[in-house]
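The exercises below are to be worked through with the sequence and the model side by side.

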Amino acid sequence: MRSRRLVRDYEVLPVMHEAMVQWSTTMLMSSRLAGRRRDASMLDAVAPYGKRMNLHGGYLPALDTDAITTVLANAAAAPANPGAATTINLWCMGGAISEDTAEDAMAFSREGAAWLWEAVSMWDTSEHDALYEQWATAMAEAMRPHSLTNGYTNLTDDQGPQWRRTVHGSEAKHRRLGAVKAAWDPENLLRFNKNITPESAAPVH
């Protein structure tokens, strides 16, 4: 029986860091060669301008057999069209990534997140919108039983009030974010996002 070596967080982190540095360098070089402003084109290497795009994702408490089976099944069902691409990424978290700062010290929740999954699809024309939207929705629904209720808000579209109340973590944290919103944006002008409305806020003391 072949023995398997467990990969610890401190062994994975240097590799991830090097990969992210290379990725960032590639994006910056791409934007310079294209002659566009870097702040407007920094993502061109991974999300070219003009592409239609869908992104879903979430946190996993563990990368177990059921979660892996679900990922593989949805990868096999991904649409394939000329000029289009689908990618499913699994990012290792935990350790220093998830535990370096207290959960309540920031809005971005990482509690219990050992892995982050994301499904990305990009295509060219509107005729394929429904096809890729359906695949992304099916992937998200299939992964929901394996995923945590908290997460990184930029990984998916707004899924409604209940999702917004849990994606940042605890109910107490949501109330504190609501209080900040009530103090700084009481009329909810900045509402075109995954919005926490001022009406849900607790009084600021």
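Predicted model: local features only at pLDDT ≥ 70, side-chain atom pairs only at ≥ 80, totals over all residues.

**Exercise 1.** Which elements are included in what covers the buried residues of α5?

*Solution.* α5 has 15 residues, and from its first C-alpha to its last it reaches 21 Å, close to the 21 Å expected at 1.5 Å a residue. The buried residues in this helix are Tyr132, Trp135, Ala136, Met139, Ala140 and Met143. Viewed down the axis of α5, these buried residues fall within an arc of 130 degrees, so they line one face of the helix. The general rule behind such a pattern is that an α-helix has 3.6 residues a turn, so residues three or four places apart point the same way. The cover over the buried residues of α5 includes β1, α3, β2 and β3 (115-123).

**Exercise 2.** Determine which residues of α3 are buried and which are exposed, and explain how the buried ones are arranged around the axis.

*Solution.* Begin with the extent of the helix: α3 (residues 65-76) has twelve residues and spans 16 Å from first to last C-alpha, close to the 16 Å expected at 1.5 Å a residue. Next, Ala67, Thr70, Val71 and Asn74 are found to be buried in α3. Because these residues cover an arc of only 100 degrees around the axis, they lie on the same side of α3. On the other side of α3, Thr65, Leu72 and Ala76 are exposed. Finally, β2 (85-92) and α5 (129-143) are included in what covers the buried residues of α3.

**Exercise 3.** Describe the second largest pocket by its volume, its lining and the elements that contribute to it.

*Solution.* The space in the second largest pocket comes to about 430 Å³. Its lining is made up of 23 residues, of which Gly57, Arg144, Leu148, Gln159 and Trp163 are the closest to its centre. Two or more lining residues are given by each of β1 (52-60), α5 and α6 (161-166). Sorted by class, the lining has nine nonpolar, eleven polar and three charged residues.

**Exercise 4.** Where is Asn188 placed, and is Asn188 buried or exposed?

*Solution.* Asn188 belongs to the segment after α7 (171-184). With a relative accessible area of 12%, Asn188 counts as buried, since the cut-off for that class is under 20%. Once neighbours within four places in sequence are left aside, Asn188 is in contact with Lys181, Asn195, Ile196, Thr197 and Pro198.

Terms used. Residues numbered from 1 in each chain as written. Heavy atoms only, no water. Helix = DSSP H or I, 4+ residues; strand = E, 2+ residues; numbered from the N terminus. Expected span 1.5 Å × (residues − 1). Buried < 20%, exposed > 50% of the residue type's maximum accessible area, 1.4 Å probe, protein only. Arc of directions from axis to C-beta. Contact = heavy atoms within 4.5 Å. 1 Å grid on protein atoms, 1.4 Å probe; cavity = no way out; pocket = protein on both sides within 12 Å on 5 of 7 lines; lining within 4 Å. Points joined across faces, edges and corners; volume = space filled by probe spheres on them. Nonpolar A, V, L, I, M, F, W, Y, C, P; charged D, E, K, R; others polar.
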